[in-house]
Amino acid sequence: MKFSLFFLTILSSIACLGQNLTAKQIVDKSISYHDPNQEWGSFDSSFTVEMTTPNASKRTSVIEINLPTEYFSVKATRDSITTTYTIDKGKCIMAYNGKVLDRVSAKEKKMSCDRANLYKNYYTYLYGLPMKLNDPGTNLSETIEKKTFKGKEYLALKVTYDEAVGSDVWYFYFDPTTYAMEVYQFFKTDDNGKENPDTGEYILLNEEASVNSIKMPKVRAWYYNKDNKYLGTDTLVEN
């Protein structure tokens with residue numbers, strides 16, 4: 001019995017370690033886990049993501065990100081259609097089945113530079129986490145909560161953003177021992193900035209893939225917060 005109690009005490013101590021850390025320290029420890037060689041700042045690589053959703057055919061996207069040269073491209077193929085959005089030092093280029101489009105032709109194909117920038121921000125943000133939590137305009141709550149999500153206990157960090165960056169409220173869930181980021185969740189806010197629990201989504205991260213020595217989630221499964229309805233899965237295909 002004493003032997004068991006000893007290990008229970010050790011485990012309890014480990015579980016409480018995160019409670020003594022600041023939000024910034026939690027983020028730094030998670031970054032050390034996911035990006036141990038500090039590669040994100042000079043990231044220059046490509047990776048492939050396969051998206052599956054209910055009642056739709058698979059979409060395969062080849063994403064290229066070169067942060068030092070300010071280059072981003074996503075080439076997405078679904079069935080017989082391939083669209084390419086490129087942002088090169090702020091210049092927007094769009095192509096449909098390999099043919100570069102002018103603005104008029106792009107509009108006919110329901111493509112736009114706004115969408116190109118949306119994709120750039122989307123992929124750079126999600127695949128740049130947790131490193132992106134150090135970006136300007138990111139506000140870390142100083143309250144670290146211990147939360148149970150889908151049966152596992154996590155250290156949960158609330159994050160808001162400056163108005164110019166975004167209005168959603170995010171929660172990030174870290175393994176209390178390794179500080180790996182395993183879940184994130186966001187909610188929309190009303191006119192008073194209060195989060196609405198019936199909005200937004202949560203994303204479960206499973207397995208890992210190494211891209212430029214960065215540990216990225218291999219599988220992301222998306223669900224609505226309101227009713228847990230499954231939305232789709234993104235799977236990173238290692239090249």
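The model is predicted, so local features need pLDDT of at least 70 and side-chain atom pairs count only at pLDDT 80 or more, while totals for chains, interfaces and linings use all residues. Residues are numbered from 1 along each chain as its sequence is written, and side-chain values use heavy atoms, leaving out hydrogens and water.

**Overall make-up**
- The protein has four helices and 13 strands (DSSP runs: H or I of at least four residues, E of at least two, numbered from the N terminus).
- Of its 239 residues, 42% are buried (under 20% relative accessible area, 1.4 Å probe, protein chains only).
- The C-alpha trace spans about 75 × 40 × 35 Å along its principal axes.

**Aromatic pairs**
- There are 20 aromatic pairs, counted for Phe, Tyr and Trp (its six-membered ring) when ring centres lie within 6.5 Å; planes under 30 degrees apart are stacked, over 60 edge-to-face, and the rest tilted.
- Tyr123 and Tyr127 are stacked, because their centres are 6.4 Å apart and their planes at 20 degrees.
- Both lie in helix H4 (residues 113–127), about one turn apart; Tyr123 is buried at 4%, and Tyr127 at 3% relative accessibility.

**Cluster and charge**
- One aromatic cluster includes Tyr123, Tyr127, Phe47 and Trp222.
- Lys147 has its charged end over the ring of Tyr171, 4.5 Å from the centre (NZ of Lys or CZ of Arg within 6 Å of the ring centre and within 35 degrees of the ring normal).

Technical notes
Buried means under 20% relative accessible area, exposed over 50%, partly exposed in between (1.4 Å probe, protein chains only).
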